Amino acid sequence: MHDSPAPAAHRSLVARLWRALPTRVDRRVVWAAWATFVVQVAIVGTGGLVRLTASGLGCPTWPRCTDDSFVNTPEMGIHGVIEFGNRLLTFVLVAVAIVTFLFVVRMRRQRPDLFWLALAIGLYVPLQAIIGGITVLSNLNPYVVGLHYFASVVLVALAAAFVYRVYTGPGPRERAVPAWYAGLAHLTSAAVLITVVVGILVTGSGPHAGDAGAARNGLDPEYMQHLHSWPAYAAFALTILLLVTGWRLRAPLRFWVGMLLATELVQIAVGLWQARTGLPIVLVNIHMVLAVLLVAAMTAVVLHLKQPSGARDFAFVAGRADPHEAATMRGR
């Protein structure tokens, strides 16, 4: 028996679509990587707006917005619009994650790093949506809300890693800096992580609960603000040390350390400004977005500690780098 024309045409269409997918990193993959990063940062901004405008229960149930409707109703007012808008952006995240995965699926053997990162992001997005639903069903429990934010922190870090790997060749990698410098970078990343976690607890103790009736975590907000500053200033000091020593070493990741330092400077300035002006919504939201950009910058620094084997730009000998020596070594 012969196949009917319809199934045969369907298989032909699927085959053409499959052949149209990238087999190497091209412009489509680069755009997908950046789109992934941008939407992950954007949903932190819209999620912060939900919390800061007390719209966390604008849609009082999940996955529906009300018991009878998946979308917000006019009676729910601006809070319903804000909360539903944030939920709607989740579908954009899902669409971007699916497209990104499809763009790397044919290169899974040549670029398993891109394949697994795209898969991790794609699976993490619906998990993040579920955590968001639990925050609503728990009446905005501050610890669940904090977990929801931290899940976005992880997603932004994964997206930053994906962007980095798109611009980096496959194959084995080797350390591009001395061991002590790599240790200093990891110590800095630990300080950044502690800063973000303590910042989440600060927000959970402050006035922006996501809803007027939502509970706080019971911690002293003034004390928590001071506690939050300690790891932040430690990360700042360590970053300055990274930049100074990296400059003396002529380390290839100096640009990214500079970006990390610039992000910290802006973040510290906004943090001090918001603390001295009564935590205005705009500044707090900027501070929340800057926190994930800080994590992205730190991720870039850590990833640049290694380079593809044989691709070093500088030779590190006894903690010192000489570009002329490196050129001589490459010529041998």
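# Exercises on a predicted chain

Of the 332 residues in the chain, 45% are buried (buried means under 20% relative accessible area, exposed over 50%, partly exposed in between, with a 1.4 Å probe and protein chains only). The model is predicted, so local features need pLDDT of at least 70 and side-chain atom pairs count only at pLDDT 80 or more, while totals for chains, interfaces and linings use all residues. Residues are numbered from 1 along each chain as its sequence is written, and side-chain values use heavy atoms, with hydrogens and water left out.

## Exercise 1. Overall architecture

Describe the secondary structure of the chain, its contacts and its accessible surface.

Solution. 

Step 1. Helices (H or I, at least four residues) and strands (E, at least two) are DSSP runs, numbered from the N terminus. The chain comes to ten helices and four strands.

Step 2. Read from the N terminus, the order of elements is α-α-α-α-α-β-α-α-α-α-β-β-β-α.

Step 3. Contact means heavy atoms within 4.5 Å. Among the contacts in the chain with a separation of 6 or more, 75% are between residues 24 or more positions apart.

Step 4. Accessible areas come from the Shrake-Rupley method with a 1.4 Å probe, and for residues only the protein chains shown count as cover. The chain has an accessible surface of about 17200 Å², and carbon and sulfur atoms account for 69% of that surface.

## Exercise 2. Salt bridges

Determine how many salt bridges there are, and which residues are joined into one network.

Solution. 

Step 1. A salt bridge is a side-chain nitrogen of Lys or Arg within 4 Å of a carboxyl oxygen of Asp or Glu. This rule gives three salt bridges.

Step 2. R28 and D26 form a salt bridge through their side chains, at 2.8 Å from N to O. R28 is partly exposed at 35% relative accessible area, whereas D26 is buried at 16%.

Step 3. D113 is bridged to R111 at 2.9 Å, N to O. D113 and R111 are both buried.

Step 4. D113 also meets R165 in a salt bridge, at 2.7 Å from N to O. This pair links distant parts of the chain, since D113 belongs to helix α4 (residues 112–137) and R165 to helix α5 (residues 142–166), 52 residues apart. R165 is buried, as is D113.

Step 5. Through shared partners, the salt bridges join R111, D113 and R165 into one network.

## Exercise 3. Aromatic rings and charges

Classify the ring pairs F115 with W116 and F255 with W256, and identify the charges that sit over rings.

Solution. 

Step 1. Rings of Phe, Tyr and Trp (its six-membered ring) pair if their centres lie within 6.5 Å; planes under 30 degrees apart count as stacked, over 60 as edge-to-face and the rest as tilted. The count is five aromatic pairs.

Step 2. The ring centres of F115 and W116 are 5.1 Å apart and the planes stand at 80°, so this pair is edge-to-face. F115 is buried at 12% relative accessible area, whereas W116 is exposed at 54%.

Step 3. F255 and W256 are also paired edge-to-face, with 5.0 Å centre to centre and 85° between the planes. F255 is exposed at 51% relative accessible area, and W256 is partly exposed at 31%.

Step 4. F101, F115 and W116 are linked into a cluster by ring pairs.

Step 5. A charge sits over a ring if NZ of Lys or CZ of Arg is within 6 Å of the ring centre and within 35 degrees of the ring normal. The charged end of R28 sits over the ring of F103, 5.9 Å from the ring centre. The charged end of R254 sits over the ring of W247, at 4.8 Å from the centre.

## Exercise 4. Two threonines

Locate T46 and T263, and state which residues each contacts beyond its neighbours within four places in sequence.

Solution. 

Step 1. T46 lies in helix α2 (residues 27–52) and is partly exposed at 26% relative accessibility.

Step 2. Beyond those neighbours, T46 contacts N86 and L89.

Step 3. T263 is placed in helix α8 (residues 254–276) and is buried at 15% relative accessible area.
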